[in-house]
4 protein chains.
Amino acid sequence: MNQRKYSVFLGNVGSCSDRYCGAYGRPYSIEELFQRAATVPHLTGVDLVLTPDLVDGFPTVRRMLDATGLNPVSLAVDHFAQAKWKQGSFSSPDPAIRRSAVDDTKRAMDLAAEIGCNLVTIWPGQDGYDYIFQADYEQERTWFADGIREACRHNREIRIALEYKAREPRNRCYLNNTAAAVLILEEIGEASCGAALDYGHVLLGYESPAEAVAILHKYGNRLFHVHINDNYRLWDDDMIAGSVHTLEYLEFFHWLRRTGYEGWMTIDQYPYREDGRDAVAESAEWLHALEGIMDHADSAEIDEVLKRKDAVAASRLMRRLLFRGETP
Amino acid sequence: MNQRKYSVFLGNVGSCSDRYCGAYGRPYSIEELFQRAATVPHLTGVDLVLTPDLVDGFPTVRRMLDATGLNPVSLAVDHFAQAKWKQGSFSSPDPAIRRSAVDDTKRAMDLAAEIGCNLVTIWPGQDGYDYIFQADYEQERTWFADGIREACRHNREIRIALEYKAREPRNRCYLNNTAAAVLILEEIGEASCGAALDYGHVLLGYESPAEAVAILHKYGNRLFHVHINDNYRLWDDDMIAGSVHTLEYLEFFHWLRRTGYEGWMTIDQYPYREDGRDAVAESAEWLHALEGIMDHADSAEIDEVLKRKDAVAASRLMRRLLFRGETP
Amino acid sequence: MNQRKYSVFLGNVGSCSDRYCGAYGRPYSIEELFQRAATVPHLTGVDLVLTPDLVDGFPTVRRMLDATGLNPVSLAVDHFAQAKWKQGSFSSPDPAIRRSAVDDTKRAMDLAAEIGCNLVTIWPGQDGYDYIFQADYEQERTWFADGIREACRHNREIRIALEYKAREPRNRCYLNNTAAAVLILEEIGEASCGAALDYGHVLLGYESPAEAVAILHKYGNRLFHVHINDNYRLWDDDMIAGSVHTLEYLEFFHWLRRTGYEGWMTIDQYPYREDGRDAVAESAEWLHALEGIMDHADSAEIDEVLKRKDAVAASRLMRRLLFRGETP
Amino acid sequence: MNQRKYSVFLGNVGSCSDRYCGAYGRPYSIEELFQRAATVPHLTGVDLVLTPDLVDGFPTVRRMLDATGLNPVSLAVDHFAQAKWKQGSFSSPDPAIRRSAVDDTKRAMDLAAEIGCNLVTIWPGQDGYDYIFQADYEQERTWFADGIREACRHNREIRIALEYKAREPRNRCYLNNTAAAVLILEEIGEASCGAALDYGHVLLGYESPAEAVAILHKYGNRLFHVHINDNYRLWDDDMIAGSVHTLEYLEFFHWLRRTGYEGWMTIDQYPYREDGRDAVAESAEWLHALEGIMDHADSAEIDEVLKRKDAVAASRLMRRLLFRGETP
């Protein structure tokens, strides 16, 4: 039986904007967001994005963590939501911006240490480019690795998870897929640095979530954190988990268990038009139900199918898992 | 309870080639293909592509239809597998080729009439273009509609279903999506002409299968035939039905029932590396199990959810359908 | 020699936000935006999105039109940037919202009439859905057509251009491609209603801009307006025109001229990280240079190549156009 | 001035098939293919795929190399066009197949040595999977690296170039992108093993050709070979080079020169419907003209633009390159 360590990004239970509409719902205070998160079934943790307002409100954060009993799963540094990052954070051509990217990370690590959280997430969504002839691809990658390395050395007790994604907000991001994440991790060369696998980002990159788990396991056991959502593969739609790629979740859970992943799964979605809390609850129920299927599955039998390299056997396995034996 | 009229393209239970490998499996005779198709559970029909060898072997086809009791669901004209079609069939700039496209269709209609089959399928995969500056988009569309119209008038008792697909073998095909199919049907202006909806082609076109059913229903009740398979959305992978887009099948069946579709569902896949018969049997089992879910669903309740335009309600409905109530 | 009627969406010369970053640049007043637009070479018009602040500031708009001499090319109704549209505008399940969509359009038509502008643009980006099982695809389309029809009848002297796009902000939009636009225009049945072709939206839909012009011409001469930008085909990146799909612009201009399009071309991009005015000027220079190539091209020779359906001839034509004869 | 070392895959000047049509043109003998290749302007080399018929006809190959004076640029092992590879070559679950993959490579290395060619190309298109739950992603990758390593050690004077591509013929291939290629090269750990960058494969993977050059340079100077063609980004359309992604070629050439690439560029396309020789000649003319632009460009000025991280400057640079100064 799996332990079900589910978390959510605090803002997910609030309101969202897109590039056209500044606010689809009303704003929520930090207290309200915590209270709403605490009502979601199966959730026992929370991840926080350290936007300037959350840094300012950190005493409230601390108080609400106590009040709700939610675990602080990770702090995510804001390297993407301020105009200063518009040409990159760790890879910016401006040395002052690169300095700021490192310093903000160190501050996040310190805040994490304060609240007993040992994981900091970095999503370098602004590190990339939009047009051809716009970037020095080698130099910027080197700056990127150098900056992360410096941050890691600030406190090796705090683990840093790099989240990769092929595009958005840049048309092209440097940390674009699973193998690219491993490569940059090798260049950084710090054992406290690993990868955050976002289920939807993997789909967006025409990769398979289960295979991404396998790659991160094979090349240095680098899976530090998991984000959960769903999409239609061409964009990071950040939908309710399981509502599109249902069967892929079953294979994903199998590989997480097989490779001994013991971290959290953090719901990370954008319920633009929905009540955020209710949409998060849907993801939690999907995860719970799908993990329930895998709790009753025979993992040795699954591994046997994987070794046969037989699509018909794979299809039969999927049917049996999904319909719990009520199919030939 | 739905009637389960499932068919398969005869060649699907045999062997496949791709552009690199001329044959992944051994060739099968027409007799063998029929015998293999007859062993697939839930199947009661067969669709035939009138490639030159099948036209020559038509007496064998007739005999095997009798021998197996499989219904002849449709005859598909070969407008795509001969070199003469390389610059299009009905829309070719060469008038002799356009003549041949019409004549081959009339012959198929005659053969269909002979065997008591009232449906001819046309997939104009070669009608389109590869490069910009390569085609007169208006003139070729007009030729296309003119040719189909002439064929329809040959025998209005035989229904003609036009199958649409965004690309392949041309980089761009004229009949590329559901709305494009309706437009050309309106230009043709014959009531005996409708659309063949291929589940995978719809996914490839970033469309939703259920919505495609709705569009074809709304604009003239034009759904004449359904092809079944699955893919990863970026290419016509022709995989086992349900193995990727499982939930979409549930919505698809709901709309087929709601709009009163009474035609067949024909499995149309490319089991390159699998035993063709076994891969087809997998699709049949998936279809059977998924239709079983919808047999027990409350269609009025589903329509109620559709009217609410509420993603959370939609997600909850999907969970309940898939897990048959064993989830909140 | 083509007349070069270039316009720009007023906001394009200002600042942009995305879903993460509320503002990449400083805000600009309406006066400033007009002054900036007036400095862009080759531009003689401006398109305006009637967001609430622009409606309130309409006297300023009128004054600045006079002051700059820029032509008011079209008014675009805001059916996408307010939370009230979150489940659709003309197709919303809420009748009060549908009413508001129509009334806002009529108000825009009145404002257009006041300033001597005869074109209103409607982009129904919120009319669609995100999840399967979330929408009644037939009913909502009917509501959509009914609402637009009512608006058209308010004043048939004002032309209404419907802008289509496959996705965003909804995961799926009803007006998703060129043929879908024609179908809905036929359902609306008003001669004053046509299509706005956005170059980038066409690319996003795996369509060809030139072919879209041909389709809109063939089925009722429906091209009322053109939006200009560029992207990498998988998302509406709204980049500088010509910076990605350069050759496609040449074919696009050929078909615009061949089909007698006499409307405007409005630059519609999202220069998130650039100075908006400078990025717009880049698009204007690209357009000017590419149209210059077509001014010197032999259109009869081009049509001759189109009739040959020969990729090698098409490639040679492209080389000759681009390198102006300095290649074999 | 660049040296223009252009080659072509011998079969490219012949005829093609796709999965529907076995032959769009007539077959050509080995002699004819060489004679046709020899007439293409700017070409001085030829790459050969060692399909069984070419192995049998190797004496003819040797004779025609002498007769035409074409350089034997690389031999590509056939790990994709025989049914035995249907579940993978180096990564097959069947040890006899893995043995065959290694042995066929060694034979190719021996043949290469015989004709004074020091490069063998491996494209593991069958090494991957189609369905989820179909593969042991870790084990198969290990087998793959082990097999290539063994082949490398057979003769370290012969360089081996691994060609990567995201999909086709498998729905998912293990060597799917640039970073994945680097990772597997590191696992192999042989200096004689590098990457073959296919321009179209890079586009298909939503990567940038110039950035791929930079990555391969940065992580071990791993670029051993370049394949040339073009496509619409969603499939490996294998079109005439430059006919779609024209500007990207300019940036690609810049980075090839900047990183000191001195290898060949081999045209690798699939002219299904064209005369193969003429379609290859088109690619050669495009390459020649585009390299001509870069011969006259100021590379220091380009590097200056890259350092500014400014999209407007990038756009202006592109315009100036393409229109050779005849634009502001």
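Good morning. In this model, 32 residues of chain D are in contact with 32 residues of chain C, contact meaning heavy atoms within 4.5 Å. The model is a predicted one: local features need pLDDT of at least 70, side-chain atom pairs count only at pLDDT 80 or more, and totals for chains, interfaces and linings use all residues. Residues are numbered from 1 along each chain as its sequence is written, chains are lettered from A in the order in which they are written, and side-chain values use heavy atoms, with hydrogens and water left out.

Together, chain D and chain C bury about 2,900 Å², with 65% of it on carbon and sulfur atoms; buried area is the accessible area (1.4 Å probe) that two parts lose on being put together, summed over both.

Four salt bridges are found across the interface of chain D and chain C, a salt bridge being a side-chain nitrogen of Lys or Arg within 4 Å of a carboxyl oxygen of Asp or Glu. One pairs C:Glu282 with D:Arg316, whose closest N and O atoms are 3.7 Å apart. On the side of chain D that touches chain C, α9 (246-258), α10 (276-295) and α12 (311-322) each supply at least two residues; helices here are DSSP runs (H or I, at least four residues), numbered from the N terminus. The most comes from α10(D), with eight residues.
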